[in-house]
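Please examine the chain displayed below together with its coordinates. A structural briefing, arranged by topic, accompanies it.

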Amino acid sequence: MGSGAYNPRCALLAPCSVASRHRLGPDEMSSKGSVVLAYSGGLDTSCILVWLKEQGYDVIAYLANIGQKEDFEEARKKALKLGAKKVFIEDVSKEFVEEFIWPAIQSSALYEDRYLLGTSLARPCIARKQVEIAQREGAKYVSHGATGKGNDQVRFELTCYSLAPQIKVIAPWRMPEFYNRFQGRSDLMEYAKPLPSALWVQPSERAVCHGTRLILARMPGELSLCPCCSQWHLSPGPGLSIGGPPRLLSQRAPGQHGIPIPVTPKNPWSMDENLMHISYEAGLLENPKNQAPPGLYTKTQDPAKAPNSPDILQIEFKKGVPVKVTNVKDGTTYHTSLELFMYLNEVAGRHGVGRIDIVENRFIGIKSRGIYETPAGTILYHAHLDIEAFTMDREVRKIKQGLGLKFAELVYTGFWHSPECEFVRHCIAKSQERVEGKVQVSVFKGQVYILSRESPLSLYNEELVSMNVQGDYEPLDATGFININSLRLKEYHRLQSKVTAK
């Protein structure tokens with residue numbers, strides 16, 4: 001072969017050099033720019049990654065380590081194999097606990113009286129880092145795999161627009177060219193089906209795939225998937241060569257893309273996990289009459305099969321935030337936020353604590369069914385509630401309870417970075433300045449039981465409340481107190497009686 005001849009056999013030795021040897025024309029080199037994709041490694045975002053490349057974007061995959069069980073290095077390899085320009089894996093677990101979970105614990109936040117906001121809190125944490133990467137890499141776009149019917153699209157995008165007003169969001173599940181093509185999970189799985197690892201091409205079969213393009217095969221040869229650049233290269237038969245570069249013919253028709261499929265129809269529900277919780281929805285769970293199938297729960301033990309003796313934990317709070325946890329039975333102690341939270345997850349999970357199955361009202365107006373496991377969050381919710389009641393003034397607590405409800409609503413609807421949410425967080429933080437002390441809890445068979453509490457800042461006066469000691473309290477004063485408070489009631493019912501008599 002002459003020195004200037006094009007030899008695709010080099011694809012097997014240095015695969016990416018083939019692409020570099022073939023110079024593309026100006027139209028083929030054009031790119032719409034870089035997009036930072038919030039990538040999970042799952043079916044949806046893997047298909048979106050490939051689809052964005054087909055639309056002409058350079059994709060930067062961003063995977064947040066927020067405490068989920070994930071093989072991050074495998075996810076990195078997968079994203080690169082699918083064509084990501086770069087992959088960023090960012091550990092945001094510590095900031096998730098300290099900057100998002102702790103304010104929620106301080107506020108005793110519950111959405112619609114039951115949901116501890118595990119997913120809602122994670123989204124602004126994930127999106128914040130996504131924006132940082134986009135700004136650092138000079139990307140004009142960010143993208144996500146949230147559906148057009150859910151809350152997460154709002155949470156991601158409100159965070160992005162708050163932190164980077166000029167950013168542009170690509171939301172495939174709201175784009176007709178995407179959702180008309182992929183009308184369900186089965187369409188995604190069809191799109192993701194694997195390609196053959198090698199293919200023998202005859203002279204009459206003139207179209208040979210190269211990436212998302214077609215090249216002209218001038219002779220028999222073997223088509224092999226390059227493990228480095230994830231494109232298809234033609235290796236000619238023995239003693240054969242191809243003179244000159246291959247000629248581009250046309251775009252390849254949509255078909256199979258060789259995307260590894262992480263789930264099968266045998267497990268037909270969606271899961272989302274982070275350090276605080278895991279959620280299950282969609283699929284067979286969409287019918288609220290269907291009970292959670294056996295084996296669905298992954299963070300918590302079945303309470304019926306949990307240990308027959310409880311774990312007794314002592315949790316110490318300062319300014320409404322847990323700073324230390326000790327297992328009274330074996331002396332195990334943790335001080336740092338991340339280790340403390342992970343240990344509580346372990347203990348609560350062992351005893352089946354933190355399961356709920358609810359129907360909730362999504363922000364966009366749809367009712368949805370969700371199953372959640374929030375082990376550590378459930379323990380801390382009960383323990384904090386107890387120490388707060390022990391140390392906080394009654395009237396302050398009434399106001400704080402109202403702020404907690406507002407905080408939960410703002411977090412659920414995606415307004416973490418709004419001025420009103422910032423204001424509410426500051427008010428709640430102020431209310432927590434005296435919330436300090438230790439609470440002992442029993443964790444047993446799916447339940448958290450408060451055993452005792454103590455605090456140097458307690459507003460509890462044992463002598464004043466005692467039935468055996470009068471203390472600095474005059475019982476006679478209660479007569480006037482009752483008379484004053486009954487005045488309004490007496491007048492109301494006196495006037496009601498007159499109206500009824502007429």
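The structure is a predicted model. Its mean pLDDT is 84, and 80% of the residues reach 70 or more. The chain has 15 helices and 20 strands, and 46% of its 502 residues count as buried. Among contacts with a separation of 6 or more, 69% are between residues 24 or more positions apart.

**Confidence along the chain**

- Over residues 1-29, pLDDT stays under 50. The model has 46 contacts beyond four places in sequence for this segment.
- A further segment in which pLDDT stays under 50 comprises residues 236-254. For residues 236-254 the model has 55 contacts beyond four places in sequence.

**Nonpolar cores**

- In soluble globular proteins, nonpolar side chains tend to be buried together.
- The largest nonpolar core in this model contains 74 residues, and F96 and I379 have the most contacts inside it.
- Helix α6, spanning residues 118-137, supplies the largest share of this core, with eight residues.
- Apart from this core lies another one of 27 residues, whose members include L37, A79, A192 and I259.
- Setting aside residues up to four places away in sequence, F96 touches I66, I101, G118, L121, A122, C125, N274, L275 and M276.

**Aromatic pairs and charges over rings**

- A pair of aromatic rings is described by the distance of the centres and the angle of the planes.
- The model contains 15 aromatic pairs.
- In the pair of F178 and F182, the ring centres are 4.7 Å apart and the planes stand at 50°, so the arrangement is tilted. F178 is buried, at 0% relative accessibility, and F182 is likewise buried, with a relative accessible area of 2%.
- The rings of Y280 and Y297 have their centres 6.2 Å apart and their planes at 75°; this pair is therefore edge-to-face.
- The pair of Y280 and Y297 links distant parts of the chain, the two residues being 17 residues apart. Y280 belongs to strand β13 (residues 278-281), whereas Y297 is in the loop between β13 and β14 (311-318).
- Ring pairs join W51, W173, F178, F182 and Y191 into a cluster.
- Two arginines sit over aromatic rings. R155 lies over the face of Y412, 4.9 Å from the ring centre, and the charged end of R425 is positioned over the ring of W416, 4.3 Å from its centre.

- Strand β18 (residues 367-373) is largely enclosed by the rest of the structure, because six of its seven residues are buried.
- On one side of the pairing pattern, β17 (residues 355-361) and β18 are antiparallel and share seven bridges. Within these strands, I356 stands opposite Y372 of β18.
- β17 and β18 form a hairpin with five residues between them. In the turn, G365 has a positive phi of about 110°.
- β18 also runs antiparallel to β13, to which three bridges join it. I278 has E373 in β18 as its bridge partner.
- β13 pairs in turn with β12 (residues 270-273), in the antiparallel sense, over four bridges. M271 has Y280 in β13 as its bridge partner, and Y280 is the residue whose ring pairs with that of Y297.
- A hairpin connects β12 to β13 through four residues.

**Y39 in its loop**

- Is Y39 buried or exposed? With a relative accessible area of 4%, Y39 is buried, although it lies in the loop between β1 (33-38) and α3 (43-54).
- Leaving aside neighbours within four places in sequence, Y39 contacts T45, S46, L49, A61, Y62, L63, A75, K78, A79 and L82. One of these, A79, is among the members of the core of 27 residues.
- The C-alpha atoms of Y39 and L49 are separated by 8.1 Å, and the two residues are ten residues apart along the chain.

Technical notes: Residues are numbered from 1 along each chain as its sequence is written. Side-chain values use heavy atoms; hydrogens and water are left out. A nonpolar core is a set of buried Ala, Val, Leu, Ile, Met, Phe, Trp, Tyr and Cys residues joined through side-chain atoms within 4.5 Å. Buried means under 20% relative accessible area, exposed over 50%, partly exposed in between (1.4 Å probe, protein chains only). Contact means heavy atoms within 4.5 Å. pLDDT is the predictor's confidence in each residue, from 0 to 100. Rings of Phe, Tyr and Trp (its six-membered ring) pair if their centres lie within 6.5 Å; planes under 30 degrees apart count as stacked, over 60 as edge-to-face and the rest as tilted. A charge sits over a ring if NZ of Lys or CZ of Arg is within 6 Å of the ring centre and within 35 degrees of the ring normal. Two strands pair if DSSP finds at least two bridges between them.
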